[in-house]
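Visitor: I have not seen this structure before. Could you take me through a few of its parts?

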Amino acid sequence: MMPPEEESPDGDGDRDNSLVLLQSLKSSSTRKGCDPFAQTQRSKLQHRRARINQQINKEMRMRAGAENLFRATSNHKVKETVALELSYVNSNLQLLKEELEELNSSVDVYQNDSESISVPMIPLGLKETKELDLLVPLKDFISEHYGEEGILFEKEIKEFMELRQAMRTPSRNEAGLELLMEYYNQLYFLDSRFFPPTKSLGVFFHWYDSLTGVPSHQRALAFEKGSVLFNIGALHTQIGARQDRASLPGLNQAIDAFQKAAGAFNYLKENFSNAPSLDMSAASLNMLVRLMVAQVQECVFEKMTLLRAQHDFLTQLQLAQEAARVEDVYSLVHQTMTQAHVKDYVPFSWTTMVHVKSEHFKALSHYFAAIALCECPVPSDAELPEQEKAFIQFHVTMPEGPSLRVLLQDPEERRKLGKAHLKKAIMKHEEAMRIHGLCKILRKMDILQEVLSFAHKRSLSKYSEIDHEEDFFETGDAPDIHPKTHQKPEIKSPNFSQVKVTDLFHRLGPLSVFSAKNKWYPVRRVHLMRGENGFGFTLRGDSPVLIAGVIPGGCASEAGLKEGDYIISVNGKDCKWSKHAEVVQLLKSTGEEGVEIGVITLQGSEGPKAADKKAAAMSSGSGVLKSNKENSRKSLMNSKSASTLLVWSKKSKRSKKSTYGIPFTTVGDNEVMY
């Protein structure tokens with residue numbers, strides 16, 4: 001859950017200095033999947049989006065200042081001046097938003113360069129973000145929370161910042177997606193290391209709305225995660241739109257891309273709430289999921305036209321039902337886009353294009369029905385039962401006239417019904433062209449005009465071909481066609497484990513102990529001399545090794561070691577990540593001079609009772625923030641390795657034997673006394 005939008009300090013932190021941006025882009029341009037200097041039409045469009053976003057941000061700050069002054073002053077002349085300034089600022093904002101809407105409507109830029117004619121798809125532009133300087137905040141947190149020298153981790157912090165900078169300009173391919181996934185997965189480690197549940201890091205994450213350009217900012221890392229996830233979905237839409245859908249491989253890739261886009265937006269809708277920007281609201285995401293599903297269904301129809309080129313009766317019926325299914329899903333998208341919470345937000349060109357497609361595919365469904373009736377031969381006695389079975393489920397309501405058997409076997413009756421379907425197809429083609437003409441932006445889109453015009457002329461030609469001068473009957477109204485598909489769209493949730501990442505801040509220690517949510521007392525350096533019975537404690541577990549029991553009166557007890565202490569160093573050697581056997585070997589190799597052990601004690605884990613409570617908590621998995629949906633990703637965890645821990649709140653993976661409250665007199669299978 002994202003908290004409500006917070007106040008962000010204005011001033012220097014609000015600027016995107018172009019020189020600094022250029023330098024940082026150069027430093028990240030070598031990263032695979034990052035393409036900051038690409039001079040493609042799509043990248044130029046994204047650069048224009050960034051410029052407009054910054055201008056909108058500036059105008060909105062000016063408007064906020066003017067509104068505050070208007071409310072604060074009682075001077076009539078000042079009020080008039082401010083009111084005039086406000087009207088000027090609001091006019092500028094309106095012009096900028098119109099420019100951004102036109103940018104979002106430039107769907108032709110994202111299409112493929114193939115010479116084949118295909119209906120354009122609707123892609124999304126990427127959300128833009130400001131630069132983020134984490135160097136000082138993370139260094140300070142490392143010093144305060146982990147007790148380490150923050151300056152020693154500058155390399156890791158800069159590497160993370162370079163990764164963030166690179167993901168702002170992902171290339172439009174699989175490498176770009178992997179770059180976004182890599183950053184998204186690194187946010188899990190950043191969250192666990194530096195974002196305690198009760199304290200803010202004091203860093204603001206700034207992102208611009210994808211469609212309106214309105215800036216939003218939050219301290220919550222969930223906003224950063226959600227925005228990156230949105231861009232993963234948006235990049236999938238761009239990859240889907242650029243495919244050559246005249247070929248089978250291109251269609252399969254487009255289907256896969258749009259299904260993954262739907263999965264990303266759906267995952268965002270189900271796991272995030274209280275988003276500060278409209279593009280990530282539940283209503284907008286619901287619309288985007290439906291839009292992506294509709295575009296998948298359109299690709300399925302195109303795939304079927306490629307695979308089933310034969311002109312037999314059953315194939316034409318199937319094409320008609322596929323087209324009816326596409327019309328059905330686009331009608332649902334259009335209804336969603338015209339709802340109160342979405343209508344004023346979605347670009348008018350999108351709404352119009354979806355409406356045009358709905359009418360266009362309804363026309364196609366009637367056209368293919370007419371082709372099945374008028375161009376396919378009358379069935380033989382052997383073929384008739386199969387065709388009857390298909391045709392009885394073809395229409396929403398049975399057409400008026402003779403029985404089904406007579407209709408299928410009588411060429412004249414077939415022609416009459418086919419003519420009715422063609423009449424309806426022509427009406428729907430004309431309606432699609434009329435709606436298309438209402439949108440200035442779509443009128444500029446030659447390829448869409450060409451598709452609509454071609455389909456309309458084809459239906460007119462077929463109608464004139466079957467229309468006879470001696471026809472004195474009135475062409476009836478063809479019933480609607482029952483929508484049906486042979487391939488239902490699949491909403492593919494993001495597979496976060498496909499991109500393996502390693503914790504950049506690995507040197508801080510295992511996350512099971514050294515995380516932002518845990519607190520511990522300062523490191524204690526304890527000097528131990530080996531007695532007759534050894535050091536007088538039992539050890540258990542790995543990374544870090546736990547002191548499971550301390551013998552009363554023994555060397556360890558007299559030196560102040562306690563149950564539940566973690567060994568983090570032996571004779572100055574860092575042991576945070578050491579295995580049990582490695583620590584044991586270090587202890588055994590000590591001579592008469594003894595050994596110096598560095599230990600820490602987690603706050604709240606002192607004493608056997610507290611240790612018992614912690615053991616119970618660990619075994620029950622109470623460390624998982626189950627109340628926050630965005631912290632639960634169990635279904636997406638496909639890997640158990642440390643490098644792919646992608647859940648946002650990790651359950652402890654300590655074995656059941658690795659408890660804290662076992663008395664020193666009990667020695668388990670994995671526990672050894674020293």
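Visitor: Which residue in β2 is the bridge partner of W207?
Guide: This is a predicted model. Strand β1 covers residues 205-208, and four bridges join β1 to β2. W207 has its bridge partner in β2, and that partner is S216.

Visitor: How many residues lie between β1 and β2 in the hairpin?
Guide: The two strands run antiparallel. They form a hairpin, and G213 in the turn has a positive phi of about 75°. The number of residues between the strands is six.

Visitor: Which residue of β2 points the same way as S216?
Guide: Strand β2 covers residues 215-218, and all four named here, P215, S216, H217 and Q218, are buried. P215 and H217 point one way. S216 points the other way, together with Q218.

Visitor: What is the volume of the largest cavity?
Guide: The count comes to one cavity of 30 Å³ or more. Its lining includes W207, along with residues such as L126, M167 and N231. The volume of the largest cavity is about 40 Å³.

Visitor: Is L306 buried, partly exposed or exposed?
Guide: L306 lies in helix α9, residues 282-307. With L248 and L307, L306 forms a nonpolar patch on the surface, and together they have about 240 Å² of accessible area. Buried means under 20% relative accessible area and exposed means over 50%. The value for L306 is 39%, so L306 is partly exposed.

Key: Residues numbered from 1 in each chain as written. Predicted model: local features only at pLDDT ≥ 70, side-chain atom pairs only at ≥ 80, totals over all residues. Heavy atoms only, no water. Buried < 20%, exposed > 50% of the residue type's maximum accessible area, 1.4 Å probe, protein only. Pairing = 2+ DSSP bridges. Patch = residues over 30% accessible without salt bridge, like charges linked within 9 Å, V, L, I, M, F, W, Y side chains within 5 Å. Areas by Shrake-Rupley, 256 points an atom, 1.4 Å probe, with all protein chains shown as cover. Salt bridge = Lys/Arg side-chain N within 4 Å of Asp/Glu carboxyl O. 1 Å grid on protein atoms, 1.4 Å probe; cavity = no way out; pocket = protein on both sides within 12 Å on 5 of 7 lines; lining within 4 Å. Points joined across faces, edges and corners; volume = space filled by probe spheres on them.
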